[in-house]
Amino acid sequence: MSAAAVEHPCDGEPESLLDMANRLAEQNPDCRVEIIGGVITVAPPPDGPHANALTTLMIPFLAAGLHGEETRVLQGIGLWLPGGPEDYAIPDLAIVDADFDEHPVENNSYDPAVFRLVLEVTSSNYNNDLRNKVAAYSEAKIPVYVIIDRRHGRVHVLTEPMGGGYDRHQVYAPGQTVTLPESIGAPVTLDVDQLIRAGRRRS
């Protein structure tokens, strides 16, 4: 699915990228519409294993008390990006400051300064998570970016954002554990094998 296939309204005024993205979101309510690097992306609805992996991921965050007075654990919250005048993303999961709702920017998206961690579980558009969003999230200075790479059976942890990427990029395989930076608000350890199994399609 792509934005190119959608007809533009003939009202004389060129439609802004943000208006087009919002129209696509209304027409495809089950899809995730984002603008990354000035390009609209439309991701198909996630499958069951994607949802299973996401719920499995939430458990250690909730157990660590991250959904409390200081921070909140949220799915599908809009993140306003500095890479373009209308750029925004909707990460699968985020840990944000508890007062995030005092920092809206535009289009139901929030200031990147309130985000402590963003996390993506890959689907068919995995290259977007592994490439385009690495640059976008680092430019937004998101301190920790975690990717559950279902296609290759690995977990990526990116920290120390710098222009166009992250200075540290660690990759973990099944059998290993991931200890996330305590800057997210609490110590959290993830079991890679458990996450990869939760996101795997069964034949």
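Leaving aside its neighbours within four places in sequence, Asp-149 is in contact, that is, has heavy atoms within 4.5 Å, with Thr-122, Leu-130, Arg-154, His-156 and Ile-196. The model in which these contacts are found is a predicted one, in which local features need pLDDT of at least 70 and side-chain atom pairs count only at pLDDT 80 or more, while totals for chains, interfaces and linings use all residues. Residues are numbered from 1 along each chain as its sequence is written, and side-chain values use heavy atoms, with hydrogens and water left out.

Asp-149 belongs to strand 10 (residues 144-149), where strands (E, at least two residues) and helices (H or I, at least four residues) are DSSP runs numbered from the N terminus. Asp-149 is buried and yet has no salt bridge, since the nearest side chain of opposite charge, that of Arg-154, is 4.1 Å away. Buried here means under 20% relative accessible area, exposed means over 50%, and partly exposed lies in between, with a 1.4 Å probe and protein chains only. For charge, Lys and Arg count as positive and Asp and Glu as negative, whereas His and the chain ends are not counted. A salt bridge, in turn, is a side-chain nitrogen of Lys or Arg within 4 Å of a carboxyl oxygen of Asp or Glu. A polar atom of the Asp-149 side chain does, however, lie 3.3 Å from the backbone nitrogen of Arg-151. This is a polar contact, a pair of N or O atoms within 3.5 Å, of which, within protein, one must be able to donate a hydrogen and the other to accept it, and for which residues adjacent in sequence count only if both atoms are side-chain atoms.

Asp-92 counts as buried at 9% relative accessibility, and Arg-32 counts as buried at 16%.

Arg-32 also forms a salt bridge with Glu-120, and here the closest N and O atoms are 3.3 Å apart. Since Glu-120 is in strand 9 (residues 115-121) and Arg-32 in strand 1, the pair ties together parts that are 88 residues apart in sequence; Glu-120, at 0% relative accessibility, counts as buried.

Which residues make up a network of salt bridges? Arg-32, Glu-34, Asp-92, Glu-120, Asp-129 and Lys-133 are linked in this way. Glu-34, found in strand 1, is buried, with a relative accessible area of 1%, and its side chain is joined to that of Lys-133 by a polar contact of 2.9 Å. Beyond its neighbours within four places in sequence, Glu-34 is in contact with residues including Val-39, Tyr-88, Pro-91, Asn-128 and Lys-133.

At the start of helix 2, a side-chain oxygen of Asp-47 reaches to within 2.9 Å of the backbone nitrogen of His-50. His-50 is itself buried, and among the other buried residues of helix 2 are Leu-54, Leu-57 and Phe-61. Gly-65, whose phi is positive, near 80 degrees, follows the helix.Finally, the structure holds two aromatic pairs, in which rings of Phe, Tyr and Trp (its six-membered ring) have centres within 6.5 Å, with planes under 30 degrees apart counting as stacked, over 60 as edge-to-face and the rest as tilted. The rings of Phe-100 and Tyr-110 have centres 5.4 Å apart and planes at 75 degrees, so this pair is edge-to-face. Tyr-137 and Tyr-145 also form an edge-to-face pair, 4.8 Å centre to centre with 85 degrees between the planes.
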